Amino acid sequence: MSNTPSTIAPNSTAGRDVAYCLHPYTNARAHEEKGPLVITHGQGVNVFDDQGKSYIEAMAGLWSTSLGFGEERLIEAANKQMKELPYYHSFTHKTPIPPIELSEKLLSMAPVPMSKVFFANSGSEANDTVVKLVWYYNNAIGRPEKKKIISRIKGYHGVTVASASMTGLPANHTDFDLPIANILHTSCPHYWRFGQDGESEENFSTRMADDLEKMILEEGPETIAAFIGEPVMGAGGVIVPPNGYWEKIQAVLKKYDILLIADEVICGFGRTGNAFGCETFGMKPDIISVAKALSSSYLPISAVMITDKLYQGIADNSAKIGVLGHGYTYSGHPVCAAVALETLKIYEERDLFGQAASVGAHLQKGLAQFKDHPLVGEVRGVGLIAAVELVQNKATKASFDPVGKVGTYLNERAIEEGLIIRNMGDSIAFCPPLIITMHEIDQIIDRFRRALDKTLDWVKAEQMI
Ligand SMILES: Cc1ncc(COP(=O)(O)O)c(C=O)c1O
């Protein structure tokens, strides 16, 4: 029996959605009342709903559609590969050709020397793979007690069991019986929010590194295998690392022989104005995970790159056991890999990473205008990723209560204005496709301003400020 409420016509697209679909990252009860925004097609940085209304997709979907919505070359690449070999796997000494070419290309682009590439289908699967490879490696080289992985509060690494455990957000743990054992979370490096009175940004970074070292010493360095971090934290609120942060964190990791995993699922492929976030922030990882912009998200594909040191341990162990007992039916799917390869070619031909730096500067400058707005506590970002955090009190930085109510209201006003952004609580994220133009950024800023001012009127009317 359908539980569609009467306000949504049962046989409409929205009604059928409410009747049949359980949505990811959605309040299911609220959805029964509200129904979905049905997106039917897209062009460039715009998407269109089933009523014909257009929206600038200022989140590139889920931080991911770097080439926007109408890249014919990706469609052609998929079509060609579909005709040639629509599916084959990479198990048991077999392979189609595209994942070989894609691996070669990824290794040539890697920010530090990497040796091998392992393919999966999503960021979550890539990070679950990383956890398993780290455990396998440490068993292989005879240190079975060195297994714990340190992530960060507000870090986001996905939703599969190990990845969700590494994610440092309560909604991903509550009532899922997570995190699993051996996953720890250290301090969140958000200087504006967590810096102490009079503490410089550099000193705050030192404190973050001290917190990490304290955790390592408390747990015992011989039990800590790896540290995972996004160069810029995305879903946790677009948190750009404070000055000196990665340098100080890496010094601690080196001291205790702990691997660094760079989760480049959002930052990878131009987002911060360089090919990888690791380059922007001087990170020298042992493992890198990528997804999303790897294929401009036209097809699902993710990858894990590992150094030769890790590869040698893993290879020896697979020889000892007889097999590397890990892999997905779709690891290195030929159509996904062909589309990813074409995506990487397009980035290079159009210098889209350089463009992200220059157009990104325009976005950051445009958003900086809102620093003086009565609702805005902080404007932060780098390259083509940014956030505006709303506060109830600018002087004390106090958040609205409950957090997210005002952000959600603003999000809805933005939709009315033809702008798709994303509120993570009261932090409003911007992460447009890399192909966005200066003019389209100006449109984002104009639409956002109108939505923000309407929100201010409402907040005042409700006496929340
Ligand atoms: C940094 C980061 N890692 C991992 C993931 C998980 O990727 P997926 O949703 O493809 O599983 C995400 C998704 O947003 C992400 O932002």
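## Basis

This is a predicted model, in which local features need pLDDT of at least 70, side-chain atom pairs count only at pLDDT 80 or more, and totals for chains, interfaces and linings use all residues. Residues are numbered from 1 along each chain as its sequence is written, and side-chain values use heavy atoms, with hydrogens and water left out.

## Ligand shell

S122, G123, S124, N127, Y156, H157, G158, E230, D263, V265, I266 and K292 surround the ligand (a residue is near a molecule if one of its heavy atoms lies within 4 Å of it). By class, the shell holds 3 nonpolar, 6 polar and 3 charged residues, with Gly counted among the polar and Tyr among the nonpolar ones.

Helix α6 (residues 123-140) supplies the largest share of this shell, 3 residues. Helices here are DSSP runs of H or I with at least four residues, and strands are runs of E with at least two.

## Polar contacts and cover

The side chain of S124 places an N or O atom 2.5 Å from a ligand oxygen. For the side chain of K292, the corresponding distance to an oxygen atom of the ligand is 2.8 Å. At Y156, a backbone N or O atom lies 3.5 Å from a ligand nitrogen.

On its own the ligand has 390 Å² of accessible area, of which the protein covers 83% (Shrake-Rupley method, 1.4 Å probe).

## R152

R152 belongs to strand β5 (residues 148-152). R152 is buried (under 20% relative accessible area, 1.4 Å probe, protein chains only) but has no salt bridge (a side-chain nitrogen of Lys or Arg within 4 Å of a carboxyl oxygen of Asp or Glu). The nearest side chain of opposite charge to R152 is E230, 4.9 Å away; E230 is also one of the residues surrounding the ligand.

The side chains of R152 and Y245 are joined by a polar contact of 3.1 Å (a pair of N or O atoms within 3.5 Å; within protein, one must be able to donate a hydrogen and the other to accept it, and residues adjacent in sequence count only if both atoms are side-chain atoms).

Technical notes: Buried < 20%, exposed > 50% of the residue type's maximum accessible area, 1.4 Å probe, protein only. Lys, Arg positive; Asp, Glu negative; His and termini not counted.
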